[in-house]
Amino acid sequence: MPLYNHLKEYRTKLGVNQYEMGRLVGVSRQTISQIERGDYSPSVTLALKLAAVFDVPVEKIFIYEEE
Amino acid sequence: MTEMRDRNQNRNELPGDAKIAQNQKEDKRAFKKFIVIILLSAVVGGIIGVCSIALAPMRDGLMNGLSGVIWAVGPWMNLVYGVVIHLITARQSRRFQKLYAGWDGEDELLAGQMEDALTVGMAVTAAGQIIGYFFFALGFWEMDAETDLMWSMLRLLASFVGIGYVTVLVTRMQKRFVNDTKLLNPEKQGSVYDMKFMKRWMDSCDEMERMQIYQASWRAYRTTQMAFLISWVICFAGMLSWGFGILPVFLTTVLWMVQSMSYVTECMRISKHAAVTFRQG
């Protein structure tokens, strides 16, 4: 199931690179990269952590659309 | 089916009850293909058996020729093989260093190329150690066939030096690739010299990396299940016609059982302790 996201836009607005983003939420640079490319869907916990960093609801970052 | 229906009348219907008829239909559909595969496997197995018996008279000639070559080169293989591993892994390491020097920390294309270099390097070192053990054993095969004492000692020395060279080389290159991986992913923990390296490395993996490991492990499990089956057939044919003895069949069976049972028991353990297994930090 496709899970689109605006993580890269939010991260760019925050002014951090992928490694720094990963450090903020406790994952690797590679994981952030894969999430941004849409190759990996994060767990609920990770999605909530990411939303908390940007202080926005999780639905603003991740969008689920039916195929 | 009737007994099951009668039993079910004494309790509330469960979601699984509705699936009984569907399961039977699914089994019936798949059973036809299953029987064809079983029959085909029996035919192929029979052909292999007949060919093994038919080729038995050729065995001595073939085995003498092949064993002569293997015996001659066996003790020296690790020395040559070590050089080949060295060349391949050193090239991958240089490639990584060159790419890393020009990386800005964001470029995903470069990051992918660096990861490819590391993956190739790690795969070569992993295979390298295993094949090194085989060549070491080869050096001791038919040892008493060498009657000259000096050549006999030389062969032994070459075997030990060869395995030492491959082991030291593989360990050094694995250390280099692990440390290079830590350059790309600084949160990674563990040293290759640590006995608990795999645990420390796994503990430092995040959810995405663990998912990759789990998926790769599942694929490895399925592949080795097939490999064990093929290996068993070869060992069985060898026992019948090529003088392998019972040991190869027995060893293959034991290893196959270890793999299957360790998977099953781990599944059972995980299902009982799901809260601990799946809790994410």
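**Exercise 1. Find the residue that forms a salt bridge with Lys199(B), and say how the pair is placed.**

Step 1. The partner of Lys199(B) is Asp203(B), with the closest N and O atoms 2.8 Å apart. A salt bridge here is a side-chain nitrogen of Lys or Arg within 4 Å of a carboxyl oxygen of Asp or Glu.

Step 2. Lys199(B) and Asp203(B) are four residues apart in helix 6 (residues 197–203) of chain B, so about one helical turn separates them. Helices (H or I, at least four residues) are DSSP runs, numbered from the N terminus.

Step 3. Lys199(B) counts as exposed at 52% relative accessibility, while Asp203(B) is partly exposed at 47%. Buried means under 20% relative accessible area, exposed over 50%, and partly exposed in between (1.4 Å probe, protein chains only).

A word on the model before going on: this is a predicted model, in which local features need pLDDT of at least 70 and side-chain atom pairs count only at pLDDT 80 or more, while totals for chains, interfaces and linings use all residues. Residues are numbered from 1 along each chain as its sequence is written, chains are lettered from A and ligands numbered from 1 in the order in which they are written, and side-chain values use heavy atoms, with hydrogens and water left out.

**Exercise 2. Is Arg11(A) buried or exposed, and which residue does Arg11(A) bridge to?**

Step 1. Arg11(A) is buried, at 3% relative accessible area.

Step 2. Its salt-bridge partner is Glu36(A), with the closest N and O atoms 2.5 Å apart. Arg11(A) sits in helix 1 (residues 7–14) of chain A and Glu36(A) in helix 3 (residues 29–37) of chain A, so the pair ties together parts that are 25 residues apart in sequence.

Step 3. Glu36(A) also counts as buried, at 14% relative accessibility.

**Exercise 3. Describe how chain B meets chain A.**

Step 1. Start with contacts (heavy atoms within 4.5 Å): 17 residues of chain B touch 20 residues of chain A.

Step 2. Next comes area. About 1,500 Å² is buried between the two chains, and carbon and sulfur atoms give 42% of it. Buried area is the accessible area (1.4 Å probe) that two parts lose on being put together, summed over both. In chain B, Glu108(B), Glu207(B) and Met208(B) lose the most area to chain A, together 36% of what that side buries.

Step 3. Now look for charge pairs. Two salt bridges cross the interface. Arg29(A) and Glu115(B) meet in a salt bridge at 3.3 Å, N to O. Glu108(B) belongs to a salt-bridge network with Arg37(A) and Asp39(A).

**Exercise 4. Which residues have the most contacts inside the largest nonpolar core?**

Step 1. They are Ile85(B), Phe96(B), Trp103(B), Met114(B) and Leu184(B), in a core of 19 residues. A nonpolar core is a set of buried Ala, Val, Leu, Ile, Met, Phe, Trp, Tyr and Cys residues joined through side-chain atoms within 4.5 Å.

Step 2. Helix 3 (77–101), helix 4 and helix 5 (149–184) of chain B each supply at least two residues of this core. Helix 4 of chain B gives the largest share, eight residues.

Step 3. Zoom in on Phe96(B). Apart from neighbours within four places in sequence, Phe96(B) contacts Met114(B), Ala117(B), Leu118(B), Asp180(B), Leu183(B) and Leu184(B).

Step 4. Finally, turn to a second, separate core of 17 residues, which includes Val25(A), Leu46(A), Leu50(A) and Phe54(A).
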